[in-house]
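Morning, everyone. Please have a look at the structure on the screen. I'll talk about aromatic rings.

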Amino acid sequence: MHSAFLSTRTTRIHRKSVKKGFDFTLMVAGESGLGKSTLVNSLFLTDLYRDRKLLGAEERIMQTVEITKHAVDIEEKGVRLRLTIVDTPGFGDAVNNTECWKPVAEYIDQQFEQYFRDESGLNRKNIQDNRVHCCLYFISPFGHGLRPLDVEFMKALHQRVNIVPILAKADTLTPPEVDRKKRKIREEIEHFGIKIYQFPDCDSDEDEDFKLQDQALKESIPFAVIGSNTVVEARGRRVRGRLYPWGIVEVENPGHCDFVKLRTMLVRTHMQDLKDVTRETHYENYRAQCIQSMTRLVVKERNRKDRSRN
């Protein structure tokens with residue numbers, strides 16, 4: 001009886017949240033020219049950047065890191081998703097990129113701070129959650145693995161946000177090169193002590209198919225992606241892809257790149273876990289630091305008063 005009541009209640013709660021829809025904030029970071037905008041548009045079948053002014057090389061070098069936000073509503077299997085895409089134009093484009101991750105870290109902290117204030121305030125029922133749930137960090141396919149800037153960025157942010165590394169423009173590499181690059185990047189992430197988002201382990205009672213799928217996801221890091229908003233003809237089918245003299249690269253063909261895996265992970269299978277880790281780990285760390293600082297201030301003030309009385 002009790003478990004039947006619980007399961008109907010859980011179903012009711014689930015139905016209610018499905019009806020209401022879900023909010024999710026996704027950040028994209030990495031130097032310009034790595035296909036970030038194209039990938040975002042491909043992932044969510046939208047054109048978020050149509051008003052964007054493309055900068056010349058000289059303007060890019062002079063540009064400072066700014067933070068821009070785009071909102072997009074999508075429906076996935078009957079569930080409404082309200083997505084906020086946070087972009088970081090100007091990141092990594094200057095001649096001197098020392099600490100260019102700072103505005104990004106500050107933005108993430110500001111969202112935590114706002115949430116902490118709202119949570120401590122009177123109107124706790126209607127809190128707007130703008131915390132960043134996931135950061136797709138784009139790694140260039142043209143280097144020999146991670147560059148110092150990549151290491152610096154990820155290390156500065158890994159305690160603040162779920163980082164999912166992306167191997168950009170995978171169509172510039174052959175399949176063996178993709179495998180080699182992925183292995184090298186994974187080794188370097190471990191070597192430098194970078195804590196990227198960890199996929200939760202499967203429960204032992206999950207079916208074999210799910211376990212294999214989960215294993216394949218873990219082995220895909222960094223996701224090798226290709227974005228395209230162009231429809232081309234391939235073997236009598238119309239597909240999104242890129243046309244080359246030697247053939248067609250299909251965006252949604254798992255044999256060609258990890259686009260489908262990344263999209264499934266973000267939108268279907270791991271969205272809730274990314275939100276949970278943000279709340280239970282990254283935000284809790286921030287909250288604990290705030291409370292510690294506040295306590296220190298109170299103790300300091302009390303000591304000061306005691307001394308002035310004596």
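First, a term. Buried means under 20% relative accessible area, exposed means over 50%, and partly exposed is in between, with a 1.4 Å probe and protein chains only. By that cut-off, Phe199 is buried, with a relative accessible area of 8%. Tyr197 is buried too, at 5%.

Some ground rules. This is a predicted model: local features need pLDDT of at least 70, side-chain atom pairs count only at pLDDT 80 or more, and totals for chains, interfaces and linings use all residues. Residues are numbered from 1 along each chain as its sequence is written, and side-chain values use heavy atoms, leaving out hydrogens and water.

Now, how many aromatic pairs does the structure hold? There are 6 aromatic pairs. Rings of Phe, Tyr and Trp (its six-membered ring) pair if their centres lie within 6.5 Å; planes under 30 degrees apart count as stacked, over 60 as edge-to-face, the rest as tilted.

Take Tyr197 and Phe199. Their ring centres are 5.3 Å apart and their planes are at 75°, so this pair is edge-to-face. Phe199 also pairs with Phe223: centres 6.5 Å apart, planes at 85°, so again edge-to-face. Phe199 lies in the loop between helix 6 (175-191) and helix 7 (208-219), and Phe223 in strand 6 (residues 223-224), so the pair ties together parts 24 residues apart in sequence. Helices (H or I, at least four residues) and strands (E, at least two) are DSSP runs, numbered from the N terminus.

Next, a cluster. Phe112, Tyr115, Tyr283 and Tyr286 form one aromatic cluster. Thanks, everyone.
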